[in-house]
Amino acid sequence: MSLKYYSLITGASSGIGEACARRLAARNQNLILTARRLDRLVALAEELTQKYQVDVKVVAADFMNLADIDSLMDGLSELKINILINNAGFALGKSQLHEYDWLDFEQMIGVNVKAFTRVAQLCIPKIIETKGHIVNISSIAGIEAYEGGSVYCGTKAFVKMVSKAMRIDLAGTGVRVTDVAPGAVETEFSLVRFKGDKSKADVVYEGFVPLVADDVADVIDFAITRPAHVNIEYLVITPTAQASATRISRG
Ligand code: 8X3
């Protein structure tokens with residue numbers, strides 16, 4: 001099975017996407033990795049190909065540009081895809097809605113909402129063909145709004161709701177749909193949110209043990225490796241110290 005099927009992972013150059021690439025390659029899944037940063041994808045592909053002898057294709061795509069997604073999927077028309085990790089997404093900025101930079105909203109909506117939906121729409125026919133598995137990455141922010149989170153929280157609530165709708169639309173096709181909602185995971189997430197301000201990013205993870213990307217990939221791997229008749233629909237994953245989006249016990 002593993003030799004002719006591919007897993008498509010968006011946002012694969014770092015964080016949860018990269019960790020999923022490592023987990024899936026270790027199970028001999030061939031991969032299609034996409035993100036903006038081609039150099040990182042190429043390095044990851046070389047490493048995983050050598051280590052696991054899997055076929056890894058890399059495609060640079062800017063998900064703010066929906067035409068990039070259309071050409072990505074055009075280029076994959078000959079490949080069978082049995083897993084989609086619809087992971088690309090980010091938060092940009094954290095401030096009150098009326099003070100937010102509008103362009104930050106545009107980018108979050110562009111990637112977390114529009115690109116997320118377009119990738120799913122173009123990929124689903126291929127996943128139906130293989131009776132495969134779709135994993136959507138939402139967030140604890142999709143169930144609990146928090147100060148300064150407005151549109152980011154909204155985009156993740158969108159992912160949660162569309163994921164549920166996908167599950168309903170695909171019932172009877174044999175396709176599984178899993179929505180994974182992580183809490184605090186120490187990745188580039190906060191560095192991106194705070195636009196490279198490392199001191200602000202570091203504060204987010206201070207005084208407790210946050211998740212690392214592989215903790216989330218591990219759970220995704222679990223969901224994917226259940227028998228075909230078992231669908232894990234929704235999982236909230238937080239550090240033990242985190243009991244809600246804002247309630248984090250810091251030592
Ligand atoms: C990432 C988690 O709580 O920082 O989506 O928004 S949070």
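Where is I143 found in this structure? I143 lies in the loop that runs between β5 (133–137) and α5 (150–169), and the model in which it sits is a predicted one.

**The surface around I143**

**The ligand and its surroundings**
- The residues that surround the ligand are S139, I140, A141, Y146, Y152, G183 and F189.
- S139 places a polar side-chain atom 2.6 Å from an oxygen atom of the ligand, while for Y146 a polar side-chain atom lies 2.5 Å from a ligand oxygen atom, and for Y152 the distance from a polar side-chain atom to an oxygen atom of the ligand is 2.5 Å.
- On its own the ligand has 240 Å² of accessible area, and the protein covers 85% of that area.

- Strand β6, which spans residues 176–182, is mostly covered, since seven of its seven residues are buried.
- In a regular strand the side chains alternate between the two faces of the sheet.
- In β6 both faces are covered, with R176, T178, V180 and P182 buried on one side, and V177, D179 and A181 buried on the other.
- β5 and β6 run parallel and are joined by five bridges, and within this pairing I137 stands opposite V180 of β6.

**Two further loop residues**
- S14 belongs to the loop between β1 (5–10) and α1 (15–26), and it counts as buried because its relative accessibility is 16%, which falls under the 20% cut-off.
- The side chain of S14 makes a polar contact with the side chain of R37, at a distance of 3.2 Å.
- G174 is placed in the loop between α5 and β6, and G174 is partly exposed because its relative accessible area is 38%, a value in between the cut-offs of 20% for buried and 50% for exposed.
- Although G174 and I232 are 58 residues apart along the chain, their C-alpha atoms are separated by 13 Å.

Conventions. Residues are numbered from 1 along each chain as its sequence is written. This is a predicted model: local features need pLDDT of at least 70, side-chain atom pairs count only at pLDDT 80 or more; totals for chains, interfaces and linings use all residues. Side-chain values use heavy atoms; hydrogens and water are left out. Helices (H or I, at least four residues) and strands (E, at least two) are DSSP runs, numbered from the N terminus. A residue is near a molecule or strand if one of its heavy atoms lies within 4 Å of it. A polar contact is a pair of N or O atoms within 3.5 Å; within protein, one must be able to donate a hydrogen and the other to accept it, and residues adjacent in sequence count only if both atoms are side-chain atoms. Accessible areas come from the Shrake-Rupley method with a 1.4 Å probe; for residues, only the protein chains shown count as cover. Buried means under 20% relative accessible area, exposed over 50%, partly exposed in between (1.4 Å probe, protein chains only). Two strands pair if DSSP finds at least two bridges between them.
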